[in-house]
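The stops below go from the whole chain to one pair of residues.

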Amino acid sequence: MVIHAFGAYFGLAASAVLYRSGLKKGHEHEGSVYHSDLFAMIGTLFLWMFWPSFNSAIAEHGADQEMAIINTYFSLAACVLTAYAFSSLVEHKGKFDMVHIQNATLAGGVAVGTCADMNIGPFGAMIIGFIAGIISTLGFKFLTPIFASKLRVQDTCGVHNLHGLPGIMGGIAGIVATALGAKPNYYPVYQGAALAATFAIAIVGGVITGFILKCPFWGPPPDENCYDDTVYWEVPLEEEEAEHHYQGEHGKIRVDA
């Protein structure tokens, strides 16, 4: 709850302060490219496989840790099926959106994190994953454009849909689970207080950080240079640029077999 909800709303608060009206309608370099999506999908697979170890790392050794691993896998499995189903449902001609597959399939691991080591049972874990997959996919489809156009928050990485909403859902799931006695000596009021404190500190800290980063002496790039790594990094040339560069240096055309 602290990691995901705090990180998401801290970043969103900073993003709101750093909002650029010139990018309200997007930027030509904002989207990803095919080979970038493929490499990102590799990261998604690794995250999916090792998320149970992440959720169980701070659980007590023994039965609690084993329960955290099992609950996380159940939640992730349910989340994957839901994310694929709703991605096909909301996209044109029933096609899958790569953004949903890379991100919403992991939302179940986020949402079950707070109560992963509690006795919620496989059914409870799958319910959490099922709901998380729905809200994450719908968030990417509908909430992200609203954030950019109406709320002046440019969530370029979709952290609200993968970490923010599922993080809050995880806090609520923890409140419900402790109210039902899924964890001895854990109390709903403390779970709720932790969620509220996390949210409040994240918003305040993000706003302060945003104003610090907005100071002009940092030399922020103009709008047209946003989403362009070449402003700060040495990057390899794209295929077409590399070919033109080769022709310019050698005065000949390269022919590929």
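The tour starts with the protein chain and ends at a side-chain contact.

This is a predicted model, in which local features need pLDDT of at least 70 and side-chain atom pairs count only at pLDDT 80 or more, while totals for chains, interfaces and linings use all residues. Residues are numbered from 1 along each chain as its sequence is written, and side-chain values use heavy atoms, with hydrogens and water left out.

**Whole chain.** Helices (H or I, at least four residues) and strands (E, at least two) are DSSP runs, numbered from the N terminus. The C-alpha trace spans about 75 × 50 × 40 Å along its principal axes. Of the 257 residues, 37% are buried (under 20% relative accessible area, with exposed over 50% and partly exposed in between; 1.4 Å probe, protein chains only).

**Ser87.** Next, select residues 63–90, helix α3, and pick out Ser87 within it. Ser87 counts as buried because its relative accessibility is 0%. Show its contacts (heavy atoms within 4.5 Å): leaving aside neighbours within four places in sequence, Ser87 touches Lys95, Phe96, Asp97, His100 and Thr137.

**His100.** Move to helix α4, residues 98–103, which holds His100. At 2% relative accessibility, His100 counts as buried. With neighbours within four places in sequence again left aside, the contacts of His100 include Val90, Glu91, Thr105 and Phe140.

**The pair.** Which side chain makes a polar contact with that of Ser87? Draw the distance to the side chain of His100: the polar contact is 2.9 Å (a pair of N or O atoms within 3.5 Å; within protein, one must be able to donate a hydrogen and the other to accept it, and residues adjacent in sequence count only if both atoms are side-chain atoms).
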